[in-house]
Amino acid sequence: MLSPVELSGRKIMNVNFTDALSILTTLDLTSLGENDSTANIRALCEKANTPFGSPAAICVYPEHINGVLNCLKELRLSNTKIATVVNFPDGSANADRAERETKRAIAVGATEIDLVFPYSAYLAGEQSSTLAVLKSCRKACENDTVLKVILESGAFSDASALADACHLVLSEGANFLKTSTGKTSKNASLEAARIMLEVIHRHGNNSGFKASGGIRTLNDALLYRQLAEKICGAGWATPEHFRIGASSLFDELLDVLKKQQPK
């Protein structure tokens, strides 16, 4: 396995209003619980309506897309995207399934698709089925739907294998590389993020990066943002290129914004 980089021992001191705001605007506020209800999802949307702006996206299961769409309209949060997951969480090598789920999600209002890469098939050497999933979903997304591909980075045994998968995904037109589903024992790590960001940099910094899975504090999120700007350049980590997939850090984030708000 990739050696994980422990976040707990590394702290960013003196987090300020600008730091916290940068995370809010790049946050994919996420709820992927098996027992999510209409009320849960509405509460999530209402959370997004903060005095400091709104998250980049709200990410839910496909069956909740319509509820999010209606809620965002009521709240007039027109800049908040609607993201969902497909081929999730197993990363099937069934291209028909992935394409069908993608088309259905877009038809009901998803503007961003988080596709689980068929990592088991890829690691078993099944190149053709892997490519079929990527190609079919890229085609289904057409030009205006953002495609984020979840590599499930914890499943990769070494850095070169992960880097090769990232090159393949970007070559097939993905808009973002994403670390994890959050549904396995090995979630995001800074080491995996470094590998993924270096591949993005070698591809010209035009694609984005999303850290997701096990990111629970504002400090965690800022470490990923710091790494992204170190590799891809100052100012790169905007919502168009950088996302954090989390919700557990949201209350801490708002607390910092309220306390650090300029007078």
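These questions and answers walk through a predicted model, from its barrel to one of its helices.

The model is predicted, so local features need pLDDT of at least 70, side-chain atom pairs count only at pLDDT 80 or more, and totals for chains, interfaces and linings use all residues. Residues are numbered from 1 along each chain as its sequence is written, and side-chain values use heavy atoms, with hydrogens and water left out.

Q: In what order do the 8 strands close into a barrel?
A: Strands here are DSSP runs of E, at least two residues long, numbered from the N terminus. Two of them pair if DSSP finds at least two bridges between them. The pairing is parallel, and the barrel closes in the order 1-2-3-4-5-6-7-8.

Q: By how many degrees are neighbouring strands of this sheet turned against each other on average?
A: Axes are lines fitted to C-alpha atoms, for helices over the stretch in contact, and angles run from 0 to 180 degrees between N-to-C directions. For this average, direction is ignored. The turn is 25 degrees.

Q: Which residue is the bridge partner of A83 in strand 4?
A: Strand 3 (residues 81-86) runs parallel to strand 4 (residues 112-116), joined by 4 bridges. A83 has its partner in strand 4. That partner is E112.

Q: Which residue in strand 5 stands opposite I113?
A: Strands 4 and 5 pair in the parallel sense over 5 bridges. Opposite I113 stands L147.

Q: Why is strand 5 largely enclosed by the rest of the structure?
A: Buried means under 20% relative accessible area, exposed over 50%, and partly exposed in between (1.4 Å probe, protein chains only). Strand 5 covers residues 146-150. It is largely enclosed because 4 of its 5 residues are buried.

Q: Which helix joins strand 5 and strand 6 in a right-handed β-α-β unit?
A: Strand 5 and strand 6 (residues 176-178) run parallel, with 3 bridges between them. A crossover is right-handed if, with the strands pointing away from the viewer, the path from the first strand over the helix to the second runs clockwise. Helices are DSSP runs of H or I, at least four residues long. The one in this unit is helix 7 (residues 159-171).

Q: Which helices and strands do the buried residues of helix 6 pack against?
A: Helix 6 spans residues 127-141. Its buried residues include V133, L134 and C137. Contact means heavy atoms within 4.5 Å. The partners are helix 4, strand 4, helix 5, strand 5 and helix 7.

Definitions and conventions:
The expected span of a helix is 1.5 Å times one less than its number of residues.
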